[in-house]
Every structure is written in structure tokens, then in C-alpha cells.
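Have the structure open in a viewer with selection by residue number ready. The stops below say what to select next and what is there.

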Amino acid sequence: MTRYTLRRCLLAASMIIVTSCGDSTGPTATVPSPNATPPPATQIGPLVLSDRGCTYAGPAQIGAGPAALKMTNETSMQFNLDIWKLIEGHAYAELDAHIKEEQRRAAAGEPELGHPSFATLVDQESVRSSTETKIISTLMPGTYGFVCIAFGTQGPAAIWPAGPLSVVA
């Protein structure tokens, strides 16, 4: 085989490879940029702990995704927050009743109920006497409830439910 023929064969082969890889009119794959910014967090709250209890004054419903919860502790105690996602088929009223029974048991010196079996703990946070914003990575569709626990020097001093928050797709 002559050099001229070999060059033509290589040229023809490279043209076949290039044209078989597709043209610019077909569909193209989109590759996410490594520097792409995540979607902004939905601002929710405030969730306020006071000497009278815990109140949630944020929206009743948000879309799924990241959320930023504004928490305010108006007490001199440590404020611990548990965020619970109710298992499908369960209502916020069940969480409310569970926490109220915990309050009653604590006042009567009876044993605790423990974590509710109808909900999944998705996040926890502690806030000293101040206001903080907590980024919750991702809230999936469902119903959520907040449980505020005030800690004094001797341990848990009070527990209150707050919510609900409905997250939709």
C-alpha cells in the first residue's frame, strides 16, 4: 500500500468517525455545571419559643425543597427543636395529642412516652437566647410538625408542639 493510499484510508476513516458521532441538529445531553448553584431555600417561620409556649407563624404550605427556618428563643433557657415528618395517613393532631400527653406525664412525674411511632425525625436544632436561621436541606412532600423543648439547668423544663407545615410537590 502506498503512502498516498494509506493517507486516503486514514482520512476516510476519520471522516466516518466524525460524521457518525452525530450532527448539531439532534438532541444533546445536558450536563449540570459543577458550579451550578442550588435552588434558594424557602423562608419559613418564625418559630418562637416564649415562656408561654412555642408558636409557628410561618406559611401553612410550601413547595418541596430546601427551607430556611427562622427560630427565635425569647427565654433564658436552651431551646431544642425537633422537626417531625408525619408518616402518610397520620395527622398533625396526633402529634399535638402526643406532645400534650408528654406535658401531662411530665407534670405528674410519670414516665415519658418517647418518640412518636407515627412520625420520622428529620432534623434537630438548638438555639440559645437569640434568633437564628436554620437551613433544612430538603423537605419532601408531606405534613410536618415542630416540637419545641425548653431546657433549664435540671434538664427538660417544658415541651410544646407547633405547626403544622404542609409540603407539596
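A residue counts as buried under 20% relative accessible area, as exposed over 50%, and as partly exposed in between, using a 1.4 Å probe and protein chains only. The model is predicted, so local features need pLDDT of at least 70 and side-chain atom pairs count only at pLDDT 80 or more, while totals for chains, interfaces and linings use all residues. Residues are numbered from 1 along each chain as its sequence is written, and side-chain values use heavy atoms, with hydrogens and water left out.

**Stop 1: the aromatic pair**

Select Tyr56 and Phe146, both of which are buried. Rings of Phe, Tyr and Trp (its six-membered ring) pair if their centres lie within 6.5 Å; planes under 30 degrees apart are called stacked, over 60 edge-to-face, and the rest tilted. A search of the whole structure finds 1 aromatic pair. Tyr56 and Phe146 form this tilted pair, at 5.0 Å centre to centre with 40° between the planes. Because Tyr56 lies in strand 2 and Phe146 in strand 8 (residues 142–152), the pair ties together parts that are 90 residues apart in sequence. Helices (H or I, at least four residues) and strands (E, at least two) are DSSP runs numbered from the N terminus.

**Stop 2: strand 1 and its partners**

From Tyr56, step across to Leu47, which stands opposite Tyr56 of strand 2. Two strands pair if DSSP finds at least two bridges between them. Strand 1 and strand 2 (residues 53–56) run antiparallel and are joined by 4 bridges; the two form a hairpin with 2 residues between them. Now select strand 4 (residues 65–73): 6 bridges join this strand to strand 1 (residues 42–50), and the two run parallel. Here Gln43 stands opposite Ala68 of strand 4.

**Stop 3: Ala157**

Go to Ala157 in strand 9 (residues 155–168). Ala157 has a relative accessible area of 53% and is therefore exposed. Contact means heavy atoms within 4.5 Å. Leaving aside neighbours within four places in sequence, Ala157 is in contact with Met77, Ala150, Phe151 and Gly152. Met77 is 80 residues away along the chain, and its C-alpha atom is separated from that of Ala157 by 8.8 Å.

**Stop 4: Glu112**

Finish in the loop between helix 2 (92–108) and strand 6 (119–127), where Glu112 is found. Is Glu112 buried or exposed? At 65% relative accessibility, Glu112 counts as exposed. Neighbours within four places in sequence aside, Glu112 is in contact with Glu102 and Arg105. The C-alpha atoms of Glu112 and Glu101, 11 residues apart along the chain, are separated by 8.8 Å.
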